[in-house]
Amino acid sequence: MKKIAVYIHIPFCSSKCYYCDFVSFPNMDNRIDQYINYLIKEMDMYKDILEEYTIDTIFFGGGTPSYIDEKHIGRIFEYIYSNYNSSEINEITIEANPETVTYKKLKTYKDIGINRISIGLQSTKDTILKEIGRRHTFDDFLKAYETARKAGFENINVDLIFGLPNQTVKDCIHSLDTVVALGVEHISYYSLIIEEGTLMDKWYKEGKLKLPDEDSEREMYHRAIEFLEAKGYKHYEISNFAREGFECRHNLFYWKIKPYIGFGISSHSNIGNKRFWNYKNYNEYTSSLKNGHFPVEGKEYIDENMKMIEYMIMGLRLIDGVDKKEFKDIFKVDLDDRFGMVLEKYKKQGLLTEEDGNIRFSKKGLDLSNIVYVDLLPN
Ligand SMILES: C[S@@+](CC[C@H](N)C(=O)[O-])C[C@H]1O[C@@H](n2cnc3c(N)ncnc32)[C@H](O)[C@@H]1O
Ligand code: SF4
């Protein structure tokens with residue numbers, strides 16, 4: 001049976017961080033029950049389609065899934081376990097914010113079958129956490145981390161952001177050093193994006209944000225790679241590092257363009273040659289379901305040519321790059337016949353390299369990846 005990755009969006013948070021544009025609502029606690037009812041209704045509408053698949057991974061993202069009462073997560077699992085093919089699940093992740101976790105909550109997750117937890121720390125420096133609108137301190141993170149270990153979690157990811165206002169290279173290495181010393185299995189290390197419509201975007205446009213210059217930002221990235229590799233973490237995707245065997249299986253479905261389905265507001269799906277995405281607006285999402293319609297805001301059909309392009313763009317995010325043989329097995333076309341000219345151009349410029357039949361970004365290419373992506377797209 002075909003494997004599928006399931007994403008579930010929980011759009012509630014205790015407050016809005018100044019950089020974040022994920023669909024998440026602070027002060028909407030009175031809608032949580034209603035939302036979970038609609039979420040389960042949506043899952044039920046896809047029951048026939050999912051009969052053809054067996055679930056490989058589940059990812060609860062947000063928003064802050066750990067913000068809501070654990071009974072809601074329990075209800076979602078009751079539905080999944082009794083209605084979907086769930087006997088071969090390999091990985092179930094939940095995103096958690098330090099200030100929201102308790103032993104009881106984490107133990108319930110563990111008992112339900114969740115085996116991976118992703119904690120948002122962003123930085124170990126309290127002054128930075130405050131400046132970016134986080135509700136927790138480093139100490140809160142430490143308590144949450146220890147509680148997760150006590151509850152039995154053996155696969156923990158920590159999210160960090162670099163390029164934050166007033167952050168130095170030393171701050172970044174300190175954050176990394178601290179989480180490495182704790183023994184985390186996986187680190188997501190994201191470059192700050194100033195997203196339109198966020199408070200940070202407003203401050204940036206008003207000239208009120210003191211961001212690191214481009215050279216420091218790149219140094220934060222390159223030094224992190226050196227540091228984490230020396231500590232035994234594999235840099236396996238542009239922003240992700242893992243100890244051997246702890247790569248995020250769920251995200252590999254996205255990067256390898258394997259089937260995935262998203263439930264909940266703003267989630268995306270990829271099934272066969274169809275891509276579709278849900279409403280981002282709460283009322284549109286719920287009223288659509290109330291009227292018995294799929295809450296889908298848009299969809300597109302991907303032809304074989306576009307599939308190959310997507311496969312290249314997502315595949316090059318992986319540090320091992322794209323395997324020519326795998327490409328041929330999937331598309332029955334030689335990678336060089338389809339993309340040879342573009343690949344040669346960037347190999348000559350030193351942005352791409354080829355080794356043992358794998359095309360990947362060079363160190364320089366990782367910094368200039370967008371130039372290559374644009375050239376891979378159709379004119
Ligand atoms: C879905 S979000 C948040 C999950 C969880 N609520 C939390 O705050 O930890 C997942 C991660 O994306 C990263 N992120 C969010 N907005 C970002 C931005 N504008 N730039 C870079 N990273 C961002 C953060 O590291 C965050 O932990
Ligand atoms: S970063 Fe996390 S906690 Fe902060 S607003 Fe976004 S989803 Fe909510």
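Modeller: I begin with strand β7 (residues 234–237) and strand β8 (residues 240–242), which pair in the antiparallel sense over three bridges. Strands here are DSSP runs of E with at least two residues, helices are runs of H or I with at least four residues, and both are numbered from the N terminus. Two strands count as paired if DSSP finds at least two bridges between them. Within this pair, lysine 234 has alanine 242 of β8 as its bridge partner. Two residues lie between β7 and β8, and the two strands form a hairpin.

The model is a predicted one, in which local features need pLDDT of at least 70 and side-chain atom pairs count only at pLDDT 80 or more, while totals for chains, interfaces and linings use all residues. Residues are numbered from 1 along each chain as its sequence is written, and chains are lettered from A and ligands numbered from 1 in the order in which they are written.

Valine 322 has isoleucine 359 in β15 as its bridge partner.

The loop between β14 and β15 holds aspartate 356. Phi of aspartate 356 is near 50°, a positive value in a residue other than glycine. Aspartate 356 counts as exposed because it has 8 C-beta neighbours inside 10 Å. On this scale a residue is buried if 20 or more other C-beta atoms, placed from the backbone, lie within 10 Å of its own, exposed if 12 or fewer do, and partly exposed in between.

Another positive phi, near 70°, belongs to serine 266, again a residue other than glycine. Serine 266 is placed in the loop between β9 (260–263) and β10 (268–271). It is buried, because 21 other C-beta atoms lie within 10 Å. Serine 266 is touched by lysine 280, which also touches Val23 and Ile265, not counting residues up to four places away in sequence; contact requires C-beta atoms, placed from the backbone, within 7 Å. Lysine 280 lies in the loop between β11 (274–278) and α11 (282–290), and counts as partly exposed because it has 13 C-beta neighbours inside 10 Å.

Glutamate 297 lies in strand β12 (residues 296–301). With 15 C-beta neighbours inside 10 Å, glutamate 297 is partly exposed. Its contacts, leaving aside neighbours within four places in sequence, are Trp277, Asn278 and Tyr279.

The largest nonpolar core has 71 residues, and Ile119 and Ile187 have the most contacts inside it. Strand β1 (residues 2–10) gives the most to this core, with six residues. Such a core is a set of buried Ala, Val, Leu, Ile, Met, Phe, Trp, Tyr and Cys residues joined through C-beta atoms within 7 Å. Apart from this core lies another, of 13 residues, among them Val322, Tyr346, Leu351 and Leu352.

Finally, the ligands. Among the residues surrounding ligand 2 are Cys13, Lys16, Gly62, Gly63 and Gly120; a residue is near a molecule if its C-beta atom, placed from the backbone, lies within 6 Å of it. A cis peptide bond, with omega about 15°, joins glycine 62 and glycine 63, and glycine 63 lies in the loop between β2 and α3 (70–83). Of the 16 residues around ligand 1, Thr64, Gly120, Asp159, Tyr190 and Ile193 come nearest. β2 (53–62), β4 (116–122) and β5 (156–162) each supply at least two residues of the shell around ligand 1.

Technical notes:
Two residues are in contact if their C-beta atoms, placed from the backbone, lie within 7 Å.
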